[in-house]
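I opened this notebook to record what I looked up in the structure.

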Amino acid sequence: MSGIFLIGFMASGKSQVAKRLAKRLSMPFVDLDMHIESQAGQSIAAIFQSGGEVEFRRLEREALASVLAGVPSVVATGGGCACSFDNLERMKAAGSVIHLSTPLSTCLSRASEESASSALSGRPLLSQPHEDIESLYRARAPIYRRAQVSVSTEAKTPDMVALDIELALQSADMASVNSDEIAVVALQERSYPVVVEPNCLQNLGTALREKLPKCKTVGLISDDKVFALYGAKVRQVLEASGFRVEEAVVPAGEESKEIGVFQSLSETLIGKGLDRSSVIVALGGGVVGDLAGFVAASLFRGIALVQVPTTLLAMTDSSIGGKTGVNSALGKNLIGAFWQPKLVWADPLTLSTLPKRERVAAFGELVKYALLDDAIWPLVVRCAQHIGDESGQGFVVEDVLSELIRACAALKAAIVSADERESGLRATLNLGHTVAHAIESAAGYGSVLHGEAVALGLLATCRVSHALGYCSDELESQVSKILATAGLDVELEPWLRNEVLNRIGVDKKRTGSRVRFVVVSKPGDIRLHEIELAELISLLQKD
(Lines give C-alpha, C1' and ligand atoms only; values in the text may rest on other atoms or scores of the structure.)
Protein backbone atom coordinates (compact mmCIF):
# COMPACT_ATOMS: atom_id res chain seq x y z
CA MET A 1 0.00 0.00 0.00
CA SER A 2 1.18 3.54 -0.74
CA GLY A 3 1.59 6.18 1.91
CA ILE A 4 -1.34 8.17 3.31
CA PHE A 5 -0.81 11.82 4.24
CA LEU A 6 -3.24 13.83 6.37
CA ILE A 7 -3.29 17.58 5.81
CA GLY A 8 -5.42 20.38 7.24
CA PHE A 9 -5.43 23.43 9.47
CA MET A 10 -3.89 23.47 12.93
CA ALA A 11 -5.91 21.53 15.51
CA SER A 12 -8.03 19.80 12.87
CA GLY A 13 -7.25 16.46 14.52
CA LYS A 14 -4.69 15.06 12.08
CA SER A 15 -2.52 13.25 14.64
CA GLN A 16 -5.42 11.61 16.48
CA VAL A 17 -7.09 10.50 13.25
CA ALA A 18 -3.83 9.29 11.71
CA LYS A 19 -3.11 7.05 14.74
CA ARG A 20 -6.49 5.39 14.42
CA LEU A 21 -6.32 5.11 10.64
CA ALA A 22 -2.88 3.50 10.86
CA LYS A 23 -4.27 0.94 13.30
CA ARG A 24 -7.26 0.19 11.06
CA LEU A 25 -4.99 -0.31 8.03
CA SER A 26 -2.15 -2.04 9.92
CA MET A 27 0.32 0.61 8.76
CA PRO A 28 3.05 2.54 10.62
CA PHE A 29 2.08 5.94 12.05
CA VAL A 30 4.29 9.01 11.72
CA ASP A 31 3.69 12.41 13.31
CA LEU A 32 5.74 14.73 11.12
CA ASP A 33 6.11 17.42 13.80
CA MET A 34 7.44 14.85 16.25
CA HIS A 35 9.79 13.61 13.55
CA ILE A 36 11.08 17.17 13.08
CA GLU A 37 11.65 17.57 16.81
CA SER A 38 13.51 14.26 16.91
CA GLN A 39 15.79 15.23 14.03
CA ALA A 40 16.38 18.80 15.27
CA GLY A 41 16.80 17.87 18.93
CA GLN A 42 14.48 20.67 20.05
CA SER A 43 10.76 21.48 20.25
CA ILE A 44 8.75 23.14 17.49
CA ALA A 45 8.38 26.22 19.69
CA ALA A 46 12.14 26.38 20.20
CA ILE A 47 12.76 26.08 16.46
CA PHE A 48 10.39 28.99 15.79
CA GLN A 49 12.01 31.04 18.52
CA SER A 50 15.57 30.50 17.31
CA GLY A 51 15.17 30.33 13.54
CA GLY A 52 11.65 31.54 12.79
CA GLU A 53 9.16 29.98 10.40
CA VAL A 54 11.65 29.95 7.50
CA GLU A 55 13.98 27.60 9.38
CA PHE A 56 11.07 25.46 10.55
CA ARG A 57 9.78 25.03 6.97
CA ARG A 58 13.26 24.00 5.84
CA LEU A 59 13.45 21.35 8.54
CA GLU A 60 9.91 20.26 7.77
CA ARG A 61 10.80 19.73 4.13
CA GLU A 62 13.82 17.63 5.11
CA ALA A 63 11.74 15.59 7.55
CA LEU A 64 9.12 14.93 4.86
CA ALA A 65 11.84 13.76 2.47
CA SER A 66 13.07 11.37 5.16
CA VAL A 67 9.56 9.97 5.69
CA LEU A 68 8.96 9.60 1.95
CA ALA A 69 12.16 7.57 1.67
CA GLY A 70 10.96 5.15 4.34
CA VAL A 71 8.23 2.52 4.42
CA PRO A 72 4.71 3.64 3.42
CA SER A 73 3.03 5.08 6.52
CA VAL A 74 0.03 7.08 7.68
CA VAL A 75 1.56 10.52 8.17
CA ALA A 76 0.05 13.40 10.16
CA THR A 77 1.54 16.61 8.77
CA GLY A 78 1.65 20.10 10.25
CA GLY A 79 -0.87 22.74 9.23
CA GLY A 80 1.48 24.53 6.83
CA CYS A 81 3.26 21.52 5.37
CA ALA A 82 1.04 21.14 2.29
CA CYS A 83 1.30 24.88 1.62
CA SER A 84 5.11 25.05 1.54
CA PHE A 85 7.58 24.33 -1.27
CA ASP A 86 6.47 21.37 -3.44
CA ASN A 87 5.43 19.29 -0.42
CA LEU A 88 1.88 18.68 -1.61
CA GLU A 89 2.99 17.44 -5.03
CA ARG A 90 5.58 15.14 -3.46
CA MET A 91 3.02 13.65 -1.09
CA LYS A 92 0.58 13.10 -3.96
CA ALA A 93 3.28 11.32 -5.94
CA ALA A 94 3.97 9.03 -2.96
CA GLY A 95 0.40 8.07 -2.09
CA SER A 96 -3.00 9.46 -1.08
CA VAL A 97 -3.37 12.93 0.42
CA ILE A 98 -6.38 13.36 2.72
CA HIS A 99 -7.67 16.77 3.78
CA LEU A 100 -9.42 16.97 7.14
CA SER A 101 -12.00 19.68 6.54
CA THR A 102 -12.64 21.49 9.81
CA PRO A 103 -14.30 24.88 10.42
CA LEU A 104 -11.99 27.53 11.88
CA SER A 105 -14.21 27.89 14.94
CA THR A 106 -13.75 24.19 15.71
CA CYS A 107 -9.98 24.43 15.26
CA LEU A 108 -9.79 27.39 17.63
CA SER A 109 -12.01 25.66 20.18
CA ARG A 110 -9.78 22.59 20.15
CA ALA A 111 -6.66 24.75 20.38
CA SER A 112 -8.16 26.55 23.36
CA GLU A 113 -8.73 23.23 25.11
CA GLU A 114 -5.13 22.25 24.36
CA SER A 115 -3.96 25.58 25.72
CA ALA A 116 -5.47 24.71 29.06
CA SER A 117 -3.17 21.68 29.16
CA SER A 118 -0.15 23.72 27.96
CA ALA A 119 -0.11 22.04 24.55
CA LEU A 120 -0.48 25.35 22.69
CA SER A 121 3.29 25.83 22.89
CA GLY A 122 3.50 23.39 19.99
CA ARG A 123 1.44 25.72 17.77
CA PRO A 124 3.40 29.01 17.60
CA LEU A 125 1.29 30.46 14.77
CA LEU A 126 -1.84 30.30 16.93
CA SER A 127 -0.40 33.05 19.13
CA GLN A 128 -1.24 35.53 16.35
CA PRO A 129 -4.27 37.91 16.50
CA HIS A 130 -7.59 36.32 15.52
CA GLU A 131 -7.86 38.28 12.26
CA ASP A 132 -4.42 37.02 11.19
CA ILE A 133 -5.38 33.42 11.99
CA GLU A 134 -8.60 33.83 10.00
CA SER A 135 -6.63 35.24 7.06
CA LEU A 136 -4.21 32.30 7.26
CA TYR A 137 -7.12 29.85 7.32
CA ARG A 138 -8.67 31.45 4.21
CA ALA A 139 -5.35 31.41 2.37
CA ARG A 140 -4.66 27.76 3.11
CA ALA A 141 -8.17 26.39 2.50
CA PRO A 142 -7.96 26.24 -1.34
CA ILE A 143 -4.59 24.49 -1.09
CA TYR A 144 -5.94 21.86 1.29
CA ARG A 145 -8.80 21.17 -1.12
CA ARG A 146 -6.27 20.05 -3.76
CA ALA A 147 -5.92 16.78 -1.86
CA GLN A 148 -7.28 13.66 -3.55
CA VAL A 149 -9.82 13.23 -0.73
CA SER A 150 -11.43 15.76 1.59
CA VAL A 151 -13.23 14.46 4.69
CA SER A 152 -15.32 16.52 7.07
CA THR A 153 -14.45 16.18 10.78
CA GLU A 154 -17.38 18.21 12.11
CA ALA A 155 -19.33 16.49 14.91
CA LYS A 156 -17.25 13.32 14.51
CA THR A 157 -14.84 11.47 16.78
CA PRO A 158 -11.35 10.62 15.48
CA ASP A 159 -12.47 6.99 15.10
CA MET A 160 -15.40 8.08 12.92
CA VAL A 161 -13.16 10.22 10.73
CA ALA A 162 -10.68 7.35 10.35
CA LEU A 163 -13.52 5.09 9.19
CA ASP A 164 -14.71 7.76 6.72
CA ILE A 165 -11.21 7.94 5.24
CA GLU A 166 -11.00 4.17 4.93
CA LEU A 167 -14.35 4.06 3.10
CA ALA A 168 -13.29 6.88 0.78
CA LEU A 169 -10.04 5.12 -0.07
CA GLN A 170 -11.93 1.91 -0.75
CA SER A 171 -14.23 3.73 -3.19
CA ALA A 172 -11.18 5.03 -5.08
CA ASP A 173 -9.56 1.60 -5.32
CA MET A 174 -10.42 0.72 -8.92
CA ALA A 175 -8.42 -1.74 -10.98
CA SER A 176 -9.89 -0.32 -14.20
CA VAL A 177 -8.40 3.16 -13.92
CA ASN A 178 -5.18 4.94 -12.98
CA SER A 179 -5.48 6.38 -9.46
CA ASP A 180 -4.03 9.71 -10.69
CA GLU A 181 -7.24 10.28 -12.67
CA ILE A 182 -9.50 9.79 -9.61
CA ALA A 183 -10.94 12.33 -7.20
CA VAL A 184 -13.25 11.15 -4.42
CA VAL A 185 -16.47 12.52 -3.02
CA ALA A 186 -16.10 11.32 0.58
CA LEU A 187 -19.54 10.69 2.09
CA GLN A 188 -18.98 7.65 4.31
CA GLU A 189 -20.74 4.59 2.83
CA ARG A 190 -21.92 6.74 -0.09
CA SER A 191 -18.39 7.76 -1.13
CA TYR A 192 -17.71 7.52 -4.86
CA PRO A 193 -14.92 8.18 -7.36
CA VAL A 194 -14.88 10.88 -10.01
CA VAL A 195 -12.79 9.72 -12.96
CA VAL A 196 -11.54 12.11 -15.65
CA GLU A 197 -9.50 10.19 -18.20
CA PRO A 198 -9.28 10.49 -22.00
CA ASN A 199 -10.73 7.46 -23.79
CA CYS A 200 -12.17 5.98 -20.58
CA LEU A 201 -15.58 5.53 -22.24
CA GLN A 202 -14.39 2.22 -23.67
CA ASN A 203 -13.84 0.95 -20.10
CA LEU A 204 -17.24 1.99 -18.75
CA GLY A 205 -18.62 -1.55 -18.70
CA THR A 206 -15.64 -2.87 -16.76
CA ALA A 207 -15.85 -0.01 -14.25
CA LEU A 208 -19.60 -0.48 -13.78
CA ARG A 209 -19.20 -4.20 -13.21
CA GLU A 210 -16.46 -3.49 -10.68
CA LYS A 211 -18.64 -1.01 -8.79
CA LEU A 212 -21.96 -2.84 -9.09
CA PRO A 213 -21.16 -6.57 -9.31
CA LYS A 214 -24.74 -7.71 -8.61
CA CYS A 215 -26.47 -5.39 -11.05
CA LYS A 216 -28.03 -6.95 -14.17
CA THR A 217 -29.99 -4.18 -15.89
CA VAL A 218 -28.97 -0.69 -16.99
CA GLY A 219 -31.47 2.03 -17.75
CA LEU A 220 -29.53 4.17 -20.24
CA ILE A 221 -30.95 7.71 -20.36
CA SER A 222 -29.63 10.13 -22.97
CA ASP A 223 -30.79 12.85 -25.35
CA ASP A 224 -31.25 12.25 -29.07
CA LYS A 225 -28.09 14.15 -30.12
CA VAL A 226 -25.70 12.51 -27.65
CA PHE A 227 -27.26 9.09 -28.13
CA ALA A 228 -26.70 9.31 -31.90
CA LEU A 229 -22.98 9.91 -31.22
CA TYR A 230 -22.24 7.60 -28.31
CA GLY A 231 -25.32 5.48 -27.59
CA ALA A 232 -24.28 2.45 -29.64
CA LYS A 233 -20.75 2.47 -28.19
CA VAL A 234 -21.98 2.68 -24.61
CA ARG A 235 -24.53 -0.08 -25.19
CA GLN A 236 -21.77 -2.25 -26.67
CA VAL A 237 -19.33 -1.84 -23.75
CA LEU A 238 -22.10 -2.39 -21.20
CA GLU A 239 -23.42 -5.51 -22.89
CA ALA A 240 -19.85 -6.82 -23.20
CA SER A 241 -19.68 -6.70 -19.40
CA GLY A 242 -22.87 -8.70 -19.02
CA PHE A 243 -25.48 -5.94 -18.54
CA ARG A 244 -28.93 -5.90 -20.11
CA VAL A 245 -29.39 -2.38 -21.50
CA GLU A 246 -32.75 -0.61 -21.77
CA GLU A 247 -32.70 2.78 -23.49
CA ALA A 248 -34.77 5.91 -22.88
CA VAL A 249 -34.00 8.90 -25.10
CA VAL A 250 -35.37 12.43 -24.72
CA PRO A 251 -35.15 15.46 -27.03
CA ALA A 252 -31.99 17.50 -26.51
CA GLY A 253 -32.34 20.81 -24.70
CA GLU A 254 -33.52 22.45 -21.51
CA GLU A 255 -37.16 21.91 -22.53
CA SER A 256 -36.81 18.24 -21.58
CA LYS A 257 -36.00 19.13 -17.99
CA GLU A 258 -39.62 19.26 -16.86
CA ILE A 259 -41.95 17.17 -14.74
CA GLY A 260 -43.85 15.61 -17.65
CA VAL A 261 -40.68 14.22 -19.22
CA PHE A 262 -39.58 12.94 -15.80
CA GLN A 263 -42.84 11.04 -15.41
CA SER A 264 -42.67 9.63 -18.93
CA LEU A 265 -39.08 8.41 -18.43
CA SER A 266 -39.96 6.77 -15.13
CA GLU A 267 -42.93 4.91 -16.55
CA THR A 268 -40.99 3.86 -19.66
CA LEU A 269 -38.21 2.30 -17.60
CA ILE A 270 -40.64 0.58 -15.24
CA GLY A 271 -42.35 -0.87 -18.31
CA LYS A 272 -39.01 -2.14 -19.63
CA GLY A 273 -38.44 -4.22 -16.52
CA LEU A 274 -36.09 -2.19 -14.34
CA ASP A 275 -36.22 -3.05 -10.65
CA ARG A 276 -34.56 -1.98 -7.39
CA SER A 277 -31.30 -3.74 -8.32
CA SER A 278 -30.97 -1.82 -11.61
CA VAL A 279 -28.80 1.20 -12.31
CA ILE A 280 -29.53 4.39 -14.22
CA VAL A 281 -26.69 5.55 -16.48
CA ALA A 282 -26.97 9.23 -17.44
CA LEU A 283 -25.19 9.77 -20.77
CA GLY A 284 -25.11 13.43 -21.73
CA GLY A 285 -24.88 16.94 -20.39
CA GLY A 286 -26.39 18.74 -17.42
CA VAL A 287 -30.00 18.39 -18.52
CA VAL A 288 -29.72 14.62 -18.92
CA GLY A 289 -27.73 14.29 -15.69
CA ASP A 290 -30.23 16.27 -13.63
CA LEU A 291 -33.24 14.54 -15.20
CA ALA A 292 -31.83 11.00 -15.05
CA GLY A 293 -30.60 11.61 -11.51
CA PHE A 294 -34.10 12.60 -10.41
CA VAL A 295 -35.47 9.45 -12.06
CA ALA A 296 -32.89 7.35 -10.17
CA ALA A 297 -33.72 9.12 -6.89
CA SER A 298 -37.43 8.46 -7.36
CA LEU A 299 -37.72 5.10 -9.12
CA PHE A 300 -38.58 2.39 -6.59
CA ARG A 301 -37.71 5.05 -3.95
CA GLY A 302 -34.12 5.19 -5.11
CA ILE A 303 -31.85 3.06 -7.32
CA ALA A 304 -28.18 3.30 -8.27
CA LEU A 305 -27.02 6.11 -10.52
CA VAL A 306 -23.90 6.50 -12.67
CA GLN A 307 -23.11 9.82 -14.32
CA VAL A 308 -21.35 9.74 -17.72
CA PRO A 309 -21.05 13.44 -18.60
CA THR A 310 -20.31 14.40 -22.20
CA THR A 311 -20.25 18.19 -21.90
CA LEU A 312 -17.66 20.46 -20.36
CA LEU A 313 -20.19 21.91 -17.94
CA ALA A 314 -21.38 18.51 -16.75
CA MET A 315 -17.85 17.11 -16.35
CA THR A 316 -16.74 19.93 -14.10
CA ASP A 317 -19.90 20.68 -12.19
CA SER A 318 -23.38 19.24 -12.56
CA SER A 319 -22.51 15.54 -12.60
CA ILE A 320 -20.75 15.80 -9.22
CA GLY A 321 -22.53 16.34 -5.93
CA GLY A 322 -25.90 14.65 -6.23
CA LYS A 323 -28.12 17.59 -7.17
CA THR A 324 -30.92 16.32 -9.38
CA GLY A 325 -34.22 17.75 -10.54
CA VAL A 326 -36.35 19.55 -13.07
CA ASN A 327 -37.41 23.12 -13.71
CA SER A 328 -40.70 24.76 -12.78
CA ALA A 329 -42.51 27.61 -14.49
CA LEU A 330 -41.60 29.59 -11.36
CA GLY A 331 -37.87 28.97 -11.50
CA LYS A 332 -34.94 26.72 -12.31
CA ASN A 333 -34.27 23.48 -10.39
CA LEU A 334 -37.08 24.05 -7.89
CA ILE A 335 -38.27 20.42 -7.99
CA GLY A 336 -35.72 17.70 -7.25
CA ALA A 337 -33.66 15.76 -4.74
CA PHE A 338 -30.12 15.15 -3.52
CA TRP A 339 -29.12 11.74 -4.89
CA GLN A 340 -25.44 10.85 -5.07
CA PRO A 341 -24.16 8.67 -7.92
CA LYS A 342 -22.11 5.52 -7.43
CA LEU A 343 -19.59 6.71 -10.01
CA VAL A 344 -18.82 9.70 -12.24
CA TRP A 345 -17.06 8.61 -15.46
CA ALA A 346 -15.89 11.53 -17.63
CA ASP A 347 -14.11 11.05 -20.96
CA PRO A 348 -12.78 14.43 -22.18
CA LEU A 349 -12.53 13.08 -25.74
CA THR A 350 -16.34 13.26 -26.02
CA LEU A 351 -15.89 17.05 -26.07
CA SER A 352 -14.57 16.76 -29.63
CA THR A 353 -18.20 16.55 -30.82
CA LEU A 354 -19.60 19.19 -28.46
CA PRO A 355 -21.00 22.18 -30.39
CA LYS A 356 -18.81 25.28 -30.18
CA ARG A 357 -21.43 27.39 -28.44
CA GLU A 358 -21.89 24.86 -25.62
CA ARG A 359 -18.14 24.46 -25.23
CA VAL A 360 -17.55 28.20 -25.00
CA ALA A 361 -20.54 28.70 -22.72
CA ALA A 362 -19.14 26.20 -20.21
CA PHE A 363 -16.11 28.42 -19.82
CA GLY A 364 -18.21 30.61 -17.54
CA GLU A 365 -18.26 27.79 -14.99
CA LEU A 366 -14.51 27.21 -15.41
CA VAL A 367 -13.82 30.86 -14.58
CA LYS A 368 -16.01 30.39 -11.50
CA TYR A 369 -13.71 27.61 -10.34
CA ALA A 370 -10.68 29.82 -11.03
CA LEU A 371 -12.18 32.41 -8.68
CA LEU A 372 -12.77 29.71 -6.06
CA ASP A 373 -9.17 28.47 -6.31
CA ASP A 374 -6.44 30.72 -7.70
CA ALA A 375 -4.32 27.70 -8.67
CA ILE A 376 -6.88 26.95 -11.40
CA TRP A 377 -6.56 30.45 -12.89
CA PRO A 378 -3.38 29.72 -14.96
CA LEU A 379 -5.08 26.68 -16.51
CA VAL A 380 -8.11 28.78 -17.44
CA VAL A 381 -5.85 31.40 -19.04
CA ARG A 382 -4.07 28.72 -21.09
CA CYS A 383 -7.37 27.26 -22.34
CA ALA A 384 -9.28 30.50 -22.97
CA GLN A 385 -7.81 31.31 -26.37
CA HIS A 386 -8.38 27.82 -27.79
CA ILE A 387 -11.72 26.76 -26.32
CA GLY A 388 -13.52 28.01 -29.44
CA ASP A 389 -11.04 26.57 -31.95
CA GLU A 390 -12.11 23.93 -34.43
CA SER A 391 -10.28 22.02 -37.14
CA GLY A 392 -11.63 19.99 -40.02
CA GLN A 393 -11.96 17.06 -37.63
CA GLY A 394 -13.76 19.13 -34.99
CA PHE A 395 -12.46 20.32 -31.63
CA VAL A 396 -9.11 18.87 -30.56
CA VAL A 397 -9.04 18.02 -26.83
CA GLU A 398 -5.57 18.86 -25.56
CA ASP A 399 -3.97 17.58 -22.36
CA VAL A 400 -4.20 20.98 -20.66
CA LEU A 401 -7.99 20.93 -21.00
CA SER A 402 -8.14 17.46 -19.42
CA GLU A 403 -5.94 18.80 -16.62
CA LEU A 404 -8.29 21.75 -16.13
CA ILE A 405 -11.36 19.51 -16.05
CA ARG A 406 -9.68 17.24 -13.51
CA ALA A 407 -8.75 20.21 -11.29
CA CYS A 408 -12.29 21.63 -11.36
CA ALA A 409 -13.86 18.23 -10.72
CA ALA A 410 -11.51 17.59 -7.80
CA LEU A 411 -12.38 20.96 -6.26
CA LYS A 412 -16.10 20.26 -6.61
CA ALA A 413 -15.59 16.82 -5.04
CA ALA A 414 -13.72 18.32 -2.08
CA ILE A 415 -16.39 20.94 -1.46
CA VAL A 416 -19.26 18.43 -1.66
CA SER A 417 -17.38 16.11 0.72
CA ALA A 418 -17.21 18.88 3.30
CA ASP A 419 -20.77 20.15 2.82
CA GLU A 420 -23.13 17.81 0.98
CA ARG A 421 -26.38 19.68 1.64
CA GLU A 422 -25.16 23.24 1.03
CA SER A 423 -25.27 24.44 4.63
CA GLY A 424 -22.13 26.55 4.24
CA LEU A 425 -19.07 25.86 2.09
CA ARG A 426 -20.96 24.28 -0.81
CA ALA A 427 -23.01 27.44 -1.16
CA THR A 428 -19.86 29.12 -2.52
CA LEU A 429 -20.32 27.01 -5.66
CA ASN A 430 -23.30 29.27 -6.38
CA LEU A 431 -20.83 32.05 -7.17
CA GLY A 432 -22.43 34.03 -9.99
CA HIS A 433 -25.57 31.90 -10.01
CA THR A 434 -28.03 34.23 -8.26
CA VAL A 435 -28.07 36.62 -11.22
CA ALA A 436 -27.37 33.83 -13.74
CA HIS A 437 -30.54 31.93 -12.85
CA ALA A 438 -32.57 35.13 -13.08
CA ILE A 439 -31.18 35.76 -16.57
CA GLU A 440 -31.95 32.21 -17.70
CA SER A 441 -35.48 32.38 -16.34
CA ALA A 442 -36.25 35.78 -17.86
CA ALA A 443 -34.83 34.82 -21.25
CA GLY A 444 -36.66 31.50 -21.33
CA TYR A 445 -34.79 28.30 -20.56
CA GLY A 446 -32.51 27.36 -23.45
CA SER A 447 -32.38 30.84 -24.99
CA VAL A 448 -29.32 31.68 -22.91
CA LEU A 449 -27.12 28.71 -22.07
CA HIS A 450 -26.31 28.16 -18.41
CA GLY A 451 -22.60 28.92 -18.78
CA GLU A 452 -23.36 32.08 -20.73
CA ALA A 453 -25.60 33.23 -17.90
CA VAL A 454 -22.98 32.29 -15.29
CA ALA A 455 -20.40 34.42 -17.12
CA LEU A 456 -22.70 37.43 -16.81
CA GLY A 457 -23.49 36.46 -13.23
CA LEU A 458 -19.79 36.48 -12.36
CA LEU A 459 -19.48 40.03 -13.64
CA ALA A 460 -22.51 41.00 -11.56
CA THR A 461 -20.87 39.34 -8.55
CA CYS A 462 -17.67 41.34 -9.04
CA ARG A 463 -19.72 44.53 -9.24
CA VAL A 464 -21.67 43.80 -6.07
CA SER A 465 -18.53 42.62 -4.26
CA HIS A 466 -16.80 45.91 -5.09
CA ALA A 467 -19.81 47.94 -3.98
CA LEU A 468 -19.79 46.08 -0.64
CA GLY A 469 -16.07 46.72 -0.18
CA TYR A 470 -14.82 43.19 -0.71
CA CYS A 471 -12.74 43.70 -3.85
CA SER A 472 -11.26 46.36 -6.12
CA ASP A 473 -12.99 47.47 -9.31
CA GLU A 474 -10.12 45.87 -11.25
CA LEU A 475 -11.47 42.37 -10.57
CA GLU A 476 -14.50 42.89 -12.84
CA SER A 477 -12.19 44.01 -15.64
CA GLN A 478 -9.91 41.02 -15.10
CA VAL A 479 -12.81 38.56 -15.19
CA SER A 480 -14.38 40.33 -18.17
CA LYS A 481 -11.15 40.05 -20.14
CA ILE A 482 -10.75 36.29 -19.68
CA LEU A 483 -14.44 35.66 -20.47
CA ALA A 484 -14.21 37.78 -23.63
CA THR A 485 -11.06 35.93 -24.69
CA ALA A 486 -13.01 32.69 -24.55
CA GLY A 487 -15.72 34.27 -26.71
CA LEU A 488 -18.41 34.93 -24.11
CA ASP A 489 -20.75 37.92 -23.95
CA VAL A 490 -19.57 40.38 -21.29
CA GLU A 491 -22.20 43.10 -21.81
CA LEU A 492 -23.97 42.98 -18.46
CA GLU A 493 -26.03 46.19 -18.59
CA PRO A 494 -28.68 44.98 -21.09
CA TRP A 495 -29.56 42.23 -18.61
CA LEU A 496 -29.99 44.47 -15.59
CA ARG A 497 -33.59 45.25 -16.47
CA ASN A 498 -36.58 44.83 -14.18
CA GLU A 499 -37.72 41.63 -15.90
CA VAL A 500 -34.46 39.98 -14.79
CA LEU A 501 -33.92 41.65 -11.42
CA ASN A 502 -37.42 40.81 -10.22
CA ARG A 503 -36.66 37.11 -10.68
CA ILE A 504 -33.78 37.20 -8.20
CA GLY A 505 -36.46 37.00 -5.52
CA VAL A 506 -37.31 33.45 -6.66
CA ASP A 507 -33.75 32.30 -5.91
CA LYS A 508 -33.57 29.11 -3.77
CA LYS A 509 -31.01 30.84 -1.52
CA ARG A 510 -33.50 33.53 -0.49
CA THR A 511 -34.79 33.52 3.08
CA GLY A 512 -37.60 36.01 3.54
CA SER A 513 -36.40 39.34 2.18
CA ARG A 514 -32.72 38.37 2.34
CA VAL A 515 -30.47 36.56 -0.12
CA ARG A 516 -27.34 34.58 0.72
CA PHE A 517 -25.10 36.12 -1.93
CA VAL A 518 -21.64 34.75 -2.76
CA VAL A 519 -19.04 37.54 -2.89
CA VAL A 520 -15.39 37.48 -3.93
CA SER A 521 -12.43 39.41 -2.53
CA LYS A 522 -9.86 37.93 -4.89
CA PRO A 523 -9.32 34.59 -6.59
CA GLY A 524 -9.25 32.00 -3.81
CA ASP A 525 -11.02 34.22 -1.27
CA ILE A 526 -14.78 33.67 -1.46
CA ARG A 527 -17.37 34.18 1.27
CA LEU A 528 -21.12 34.38 1.86
CA HIS A 529 -22.85 37.71 2.49
CA GLU A 530 -26.42 38.03 3.69
CA ILE A 531 -28.01 40.96 1.89
CA GLU A 532 -31.47 42.44 1.61
CA LEU A 533 -32.99 41.70 -1.78
CA ALA A 534 -33.81 45.37 -2.33
CA GLU A 535 -30.22 46.40 -1.57
CA LEU A 536 -28.83 43.79 -3.94
CA ILE A 537 -31.03 45.00 -6.77
CA SER A 538 -30.07 48.60 -6.01
CA LEU A 539 -26.33 47.77 -6.16
CA LEU A 540 -26.76 46.00 -9.48
CA GLN A 541 -28.56 48.97 -10.99
CA LYS A 542 -25.78 51.39 -10.09
CA ASP A 543 -23.28 52.33 -12.79
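**Entry 1: Salt bridges**

I began with Arg24, which counts as partly exposed at 43% relative accessibility. I noted that the model is a predicted one. The partner of Arg24 in a salt bridge is Glu166, and their closest N and O atoms are 2.6 Å apart. Because Glu166 belongs to helix α7 (residues 158–172) and Arg24 to helix α1 (residues 14–25), the pair ties together parts that are 142 residues apart in sequence. I then checked Glu166, which is buried, its relative accessible area being 15%.

I next looked up Arg61 and Asp86, whose side chains form a salt bridge at 3.3 Å, N to O. This pair also links distant parts of the chain: Arg61 is in helix α3 (residues 44–68) and Asp86 in the loop between β3 and α4, 25 residues apart. Arg61 is partly exposed, with a relative accessible area of 34%. Asp86 is likewise partly exposed, at 31% relative accessibility. I found that Asp86 also forms a salt bridge with Arg90, with 3.8 Å between the closest N and O atoms. I recorded a count of 29 salt bridges for the structure.

**Entry 2: Ser84**

I located Ser84 in the loop between β3 (74–76) and α4 (87–94). Is Ser84 buried or exposed? Ser84 counts as buried because its relative accessibility is 11%, below the cut-off of 20%. Apart from neighbours within four places in sequence, Ser84 is in contact with Arg57 and Glu60.

**Entry 3: Aromatic rings**

I counted three aromatic pairs in the structure. One of them is formed by Phe48 and Phe56; this pair is tilted, at 5.0 Å centre to centre and 35° between the planes. Phe48 is buried at a relative accessible area of 16%, and Phe56 is buried at 4%. Phe262 and Phe294 form a stacked pair, with 4.4 Å centre to centre and 20° between the planes. Phe262 lies in helix α10 (residues 259–271) and Phe294 in helix α11 (residues 286–298), 32 residues apart, and the pair links these distant parts of the chain. Both Phe262 and Phe294 are buried.

I also looked for charges over rings. Arg359 lies over the face of Phe395, 4.0 Å from the ring centre. The charged end of Lys368 sits over the ring of Tyr369, at 4.7 Å from its centre.

Notes. Residues are numbered from 1 along each chain as its sequence is written. This is a predicted model: local features need pLDDT of at least 70, side-chain atom pairs count only at pLDDT 80 or more; totals for chains, interfaces and linings use all residues. Side-chain values use heavy atoms; hydrogens and water are left out. Rings of Phe, Tyr and Trp (its six-membered ring) pair if their centres lie within 6.5 Å; planes under 30 degrees apart count as stacked, over 60 as edge-to-face and the rest as tilted. Buried means under 20% relative accessible area, exposed over 50%, partly exposed in between (1.4 Å probe, protein chains only). Helices (H or I, at least four residues) and strands (E, at least two) are DSSP runs, numbered from the N terminus. A charge sits over a ring if NZ of Lys or CZ of Arg is within 6 Å of the ring centre and within 35 degrees of the ring normal. Contact means heavy atoms within 4.5 Å. A salt bridge is a side-chain nitrogen of Lys or Arg within 4 Å of a carboxyl oxygen of Asp or Glu.
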